[in-house]
Amino acid sequence: EEEIDGNYEPTEQEVREYAEWLGIDPDKDKEFLWIAKSGLKAPLPAPWKPCQTGDDGELFYFNFETGESVWDHPCDEHHRSLFHKEFEKKYGRPFEEPDGDQSQSQSQSGDTAGKSGNALEDERRKEKKDKKEKKDKKEKKDKKLKKDRLEAPKA
């Protein structure tokens, strides 16, 4: 069970990091940081539950009604969309994803690998997602094979 601390207040650093992950520039668009703070405090909606992989204990979320599993908190996309709507209201134009030019954040962060923390986090999430999708496909295939074997006419 996920334990919700009603008094939880994310740190400024946590809010900034999550804001960047949502696509918010925490320096340029400080008035949108409330969206990131809200996202960090968002409870997990029913019927989602946090789970951990057996191999390395990585956290993922599982919907026990639909069988869907995701790496990111199920409310993340809502907060990203909310930011895009608020951005459009402020600037009168749709939010455009950055074109991948991370040079400014790289030079400021001092990341020696040549990627910003966000790019590394995104890459890590994608790897986890790909790994999970591959595992899900294999499990689905195995289930189908088992079912087909059980239903096959006996000679």
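What pattern does the protein follow when it is read along the sequence? The pattern is α-α-β-β-β-α-α-α, and the protein has five helices and three strands, where helices (H or I, at least four residues) and strands (E, at least two) are DSSP runs numbered from the N terminus. This is a predicted model, in which local features need pLDDT of at least 70 and side-chain atom pairs count only at pLDDT 80 or more, while totals for chains, interfaces and linings use all residues. Residues are numbered from 1 along each chain as its sequence is written, and side-chain values use heavy atoms, with hydrogens and water left out.

Taking the protein as a whole, buried residues make up 23% of its 155 residues; buried means under 20% relative accessible area, exposed means over 50%, and partly exposed lies in between (1.4 Å probe, protein chains only). The protein exposes about 11,600 Å², of which carbon and sulfur atoms supply 50%, the areas coming from the Shrake-Rupley method with a 1.4 Å probe. Among contacts (heavy atoms within 4.5 Å) with a separation of 6 or more, 49% are accounted for by residues 24 or more positions apart.

Individual residues can now be placed in this picture. Asp-76 lies in helix H3, which covers residues 76-91, and Asp-76 counts as buried because its relative accessibility is 7%. Not counting residues up to four places away in sequence, Asp-76 touches Tyr-18, Trp-21 and Leu-22.

Another aspartate, Asp-25, is found in the loop between helix H1 (12-22) and helix H2 (33-41), and Asp-25 counts as partly exposed because its relative accessibility is 32%. Together with Glu-14, Glu-17 and Glu-20, Asp-25 forms a negative surface patch. Residues of a patch have over 30% relative accessible area and no salt bridge, and like charges are joined within 9 Å; a salt bridge would be a side-chain nitrogen of Lys or Arg within 4 Å of a carboxyl oxygen of Asp or Glu.

Further along, Pro-47 sits in the loop between H2 and strand S1 (48-52), and the peptide bond leading from Ala-46 to Pro-47 is cis, with omega near 5°. In general, most peptide bonds are trans.

Pro-47 is also one of the residues in contact with Phe-64, along with Lys-49 and Cys-51, when neighbours within four places in sequence are left aside. Phe-64 belongs to the loop between strand S2 (59-63) and strand S3 (69-70), and Phe-64 counts as exposed because its relative accessibility is 54%. Although Phe-64 and Lys-49 are 15 residues apart along the chain, their C-alpha atoms are separated by 7.6 Å.

Conventions. Patch = residues over 30% accessible without salt bridge, like charges linked within 9 Å, V, L, I, M, F, W, Y side chains within 5 Å. Lys, Arg positive; Asp, Glu negative; His and termini not counted. Charge placed at Lys NZ, Arg CZ, Asp CG, Glu CD.
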